[in-house]
Amino acid sequence: MIQEAQPSLRTGSDILNKLQWSAGPWGKPRPAAVIAGIVIMLLLPWGLDAISFGAFAIHLLILIFGWGMVVECWNLIMGVSGIYSFGQLALYAVGGFTSGILVKEFGFTPWVTMWAGAVMTAFVAVIIGLPVLRLKGAYVVLLTLAFHELFRNWILNGPRWISYGGYGLREVPRLPPASWFGAEKTLPVQFMLGGFNIDLSGDKVLLLYYYLGLVLFGLCTFAIWRILYSPIGMSFRALRDSEAYAVSRGIDPFRFKLFLFAFSAFFTGLAGAYLTHYDGTISPVLLDFGRLINLLAMIALGGWGTFWGPIFGTALLTVLPEVLRSLEGYRNLSIGLALALIAMFAPQGLLPALVRLFRRATKGRRARQAARPVQPKEAIESLKQ
Amino acid sequence: MHVQDLFQAAYSGILYGSVYGLMAIGLTLIWGSLRMLNLAHGSLYLSGAYLAFALVNLKVVHLPLLVSFGLAVVGAGVVGFLIQFLMVDRILGKPGWDTASLIVTVGASIMLQSAALLIFGAQRKAMPVLLEGRFRIGAMLIDYHRLMIIGLGVVSLIALSLFLRRTRYGLAIQAVSQHMDAARLMGIPVRSTFWIVMFLSAALAGLAGVLLSSVFELSPTAGYNPMARALVVTIFGGLGSVKGTIWAAFIIGLLESFLQVYAGAGWALPGLFGFMIVMLIIRPNGLFGLGEMQRL
Amino acid sequence: MLLKVTDLKAGYGGSEVLHSISLFVNEGEAVVILGPNGHGKSTLLRAISGLIQPTGGSVEMDGRVISDLLPHDIVAAGVIHIPQGDLPFPDLTVMENLLMGAYRTEAWRERKQKLEQVFQLFPTLAERRNQLARSLSGGERRMLALGRGLMGKARILMIDEPSLGLAPFLIDDVYATIREINQKQGLAVLLADENADHIAGLANRVYLLEAGALVREGSAQELLKDEALLAAYLG
């Protein structure tokens with residue numbers, strides 16, 4: 001097994017040093033950029049408030065946070081580590097249903113059941129992963145697809161407490177919760193925070209979801225980033241490109257794959273719960289094959305195997321349908337056309353293509369190197385360090 | 001256990017197998033030669049079905065059912081060819097091919113689906129059957145139409161096999177699938193061979209669409225489930241292996257049918273799942289030996 | 001001049017492997033390109049047959065430029081490349097492999113006669129005609145590759161390393177067969193070879209290839225007599 005080199009963090013600059021040292025050829029964080037980004041995201045809602053469609057924009061951002069988590073986790077196992085699992089959407093549903101049912105039937109608070117959903121999803125992933133991850137690539141597709149179908153079938157035709165006659169869960173309580181173990185213990189929706197009047201009632205609950213989503217998404221993204229750009233992360237990427245090499249370096253592919261699979265499932269389930277409590281509903285329609293393909297498109301469109309690509313793709317495919325809403329019937333047609341065109345002219349993903357264009361305009365050859373997704377040679381070189 | 005049930009299960013199983021075979025074989029051919037996962041396959045099924053619907057309901061001229069169906073199948077083939085010619089050709093072999101081909105087919109699929117929605121609307125449509133009526137064997141009711149589906153399905157699969165093994169173009173398709181560079185050195189034009197592959201695969205998917213939409217009603221989202229099933233069958237049969245796919249189609253079809261009859265509809269899918277896991281544990285290389293799969 | 005290569009440049013992924021190669025082959029000639037491994041022999045043949053696109057220079061066949069054509073059109077022009085490692089179609093039978101060699105329409109019409117000729121030349125292939133190519137031995141695969149090349153309407157046969165991977169007692173046979181094809185059938189042959197041991201009675205002219213460039217050329221008699229030269233270039 002690879003030695004985990006994670007010295008303890010002490011001071012702030014120490015932390016920054018660790019981040020910089022472990023950051024790979026793609027994604028060296030410039031502290032200024034990161035902090036600026038965080039600040040912008042924190043203040044965004046107030047800015048959007050001024051615009052007429054501000055609330056709608058926040059709604060979109062909430063969706064992007066949730067689905068972004070699912071997509072970047074899927075990209076982690078598929079695009080980066082080469083585990084071609086088609087069960088991502090089903091795992092999302094596991095998280096959503098678990099949390100929803102726990103709240104509906106047992107009255108627990110969503111703040112807690114959210115995490116229960118995440119844990120349950122990770123657990124299910126491990127159970128699936130144990131037999132499946134040992135198999136060759138295409139069979140992982142097969143069996144996870146079979147799992148997807150199975151789960152969809154179950155929530156459609158299964159016992160009443162999960163299928164509700166095929167309609168799925170409805171009226172799933174949102175945050176803030178109503179009760180905990182039966183006792184009435186409401187989270188305050190109007191309170192004072194350091195002299196400011198915070199009001200999260202009614203429409204303003206959107207803000208709650210926004211910040212919660214921001215935190216969860218940030219957590220997930222940060223965790224993925226740490227995994228990818230640590231020595232272990234390099235091994236994960238080596239796994240995708242050459243399992244034989246990885247094995248010869250003492251890496252046990254199976255354990256790593258299982259870990260990644262469970263990790264990815266955890267956050268996917270978490271996102272599932274998060275969005276289920278936001279929507280207030282979850283149903284088998286969610287597991288239509290078409291939706292699965294839509295998620296796939298988000299990854300590939302943004303940039304398969306890259307870090308920010310899938311998130312970009314998610315944002316694009318979430319916002320685009322809304323922007324094009326005025327086209328009505330022709331909306332989907334245009335989206336399909338856009339997808340095809342993008343694939344034809346930017347085969348490696350939109351984000352890498354845009355980055356390449358941008359940097360070529362500003363910096364020339366050095367930029368073209370930086371814009372590539374991680375190639376096997378780099379992973380192997382860095383493993384040697 | 002009635003002999004009745006046995007026949008019923010076998011009959012349904014062969015029906016499923018024929019349909020799965022029609023759908024899956026297209027995917028297999030495309031994967032084998034192009035190394036592309038054709039996610040537009042479901043919409044090719046749809047194209048065949050809707051074309052048939054349109055032709056059948058043509059007010060201007062009244063076409064015999066058989067002609068309408070035949071034209072629809074060819075039409076689906078043309079659609080597949082167009083996808084290849086207009087979109088996939090452009091990115092053949094370029095870097096990022098694996099995922100770009102995925103997205104291109106997704107894009108094409110969405111376009112076709114929305115076109116169907118725009119032209120025909122979201123309501124389910126009914127399709128006439130080619131042959132009305134049924135007959136009895138004992139207490140079992142057999143539709144002529146379903147019998148015909150089996151017949152056409154089996155005949156198509158046999159015709160395809162013969163084409164692949166006995167004709168110059170069929171052998172060329174196999175050659176390209178087995179070794180593209182060597183095929184080039186034989187003077188085989190790879191690009192146009194792919195056109196033939198896409199046309200054939202699309203036509204077969206279209207045929208499945210035409211046949212099945214008389215059984216299940218037709219709507220714009222009707223293509224996804226057949227494609228999901230086809231994917232399962234294709235992979236199980238050994239990606240790229242025509243023989244394996246046909247076997248897999250019937251094995252899975254029969255298994256599903258028997259499970260439905262003897263264990264109840266709810267157990268069909270879980271049973272299949274379990275069977276596949278066990279099979280893959282015993283034979284990790286798949287039904288006919290998959291060989292090293294480096295990527296999807 | 002049948003095949004004329006002028007200033008040909010080619011390479012992989014941005015790096016140039018062949019530097020301005022110029023050579024020619026006349027009707028009925030047997031020309032050998034000698035060079036150590038990794039110096040560009042295969043690349044040269046692949047650039048001529050179109051598997052890789054040249055980055056500069058030209059290739060002409062019968063006075064007609066073919067270097068901008070796709071591989072299948074270059075085959076139609078009569079340039080048949082028998083690649084290193086044979087590249088058989090593993091899951092097709094010997095017969096089917098051979099038939100694929102005659103894919104082009106003009107050749108396809110004559111496939112029955114061609115098959116007869118090939119089976120006469122290689123009786124072993126005739127015996128094994130219904131066997132899958134993957135089950136053939138090394139020597140048999142070599143025969144299959146040669147036979148397959150003969151099925152097309154070749155004006156020139158380009159053979160990459162005919163003795164590669166063969167047991168010594170088979171090697172003589174292979175060169176004898178090539179000699180027969182060239183001298184009895186009058187088919188021009190361009191051979192890429194790593195050593196000069198077997199080409200004595202076969203080659204008319206020899207080119208020496210080193211590090212992607214032609215460093216010597218001359219009649220076979222001259223070059224093969226020069227032991228020192230051969231030792232220096234082929235170690």
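1. Two strands count as paired if DSSP finds at least two bridges between them. With that in hand, look at chain C: six strands make an open sheet there, ordered β6-β7-β8-β3-β9-β10, and the pairing is mixed. Strands here are DSSP runs of E with at least two residues, helices are runs of H or I with at least four, and both are numbered from the N terminus. β6 (79-82) and β10 of chain C sit at the edges with a single partner strand each, so one side of each has no neighbour in the sheet. From one strand to the next the twist averages 15°.

2. Some housekeeping before going on. This is a predicted model, in which local features need pLDDT of at least 70 and side-chain atom pairs count only at pLDDT 80 or more, while totals for chains, interfaces and linings use all residues. Residues are numbered from 1 along each chain as its sequence is written, and chains are lettered from A and ligands numbered from 1 in the order in which they are written.

3. Ile33(C) is a handy landmark: Tyr207(C) stands opposite Ile33(C) in β9(C), and Ala192(C) is the bridge partner of Ile33(C) in β8(C).

4. β9 (residues 205-210) of chain C has five of its six residues buried, so the strand is largely enclosed by the rest of the structure. (Buried means 20 or more other C-beta atoms within 10 Å of the residue's own, exposed means 12 or fewer, and partly exposed lies in between, with C-beta atoms placed from the backbone.) Six bridges tie β9(C) to β10 (residues 213-219) of chain C, and this pair is antiparallel. Leu209(C) faces Leu214(C) across that pair. The two strands form a hairpin with two residues between them, and Ala211(C) in the turn has a positive phi of about 50°.

5. Helix α8 (residues 168-184) of chain C lies across β3, β7 and β8 of chain C, at about 150° to β8(C). Angles here run from 0 to 180 degrees between N-to-C directions, and axes are lines fitted to C-alpha atoms, for helices over the stretch in contact.

6. Over in chain B, α2 (residues 41-56) and α3 (residues 65-91) pack at about 145° with their axes 8 Å apart. Contributors include Leu44(B), Gly48(B) and Leu51(B) from α2(B), and Phe69(B), Gly75(B) and Val79(B) from α3(B); contact means C-beta atoms, placed from the backbone, within 7 Å. The class tally is 12 nonpolar, five polar and no charged residues. Nonpolar covers Ala, Val, Leu, Ile, Met, Phe, Trp, Tyr, Cys and Pro, charged covers Asp, Glu, Lys and Arg, and the others, Gly among them, are polar.

7. Finally, the interfaces. Chains A and B meet through 37 residues of chain A and 43 residues of chain B. On the chain A side, α6(A) gives the most, with 12 residues, and the classes are 26 nonpolar, eight polar and three charged. Chains B and C meet through 15 residues of chain B and 21 residues of chain C. There α6(B) supplies the largest share of the chain B side, six residues, and that side divides into eight nonpolar, four polar and three charged.

Key: Two residues are in contact if their C-beta atoms, placed from the backbone, lie within 7 Å.
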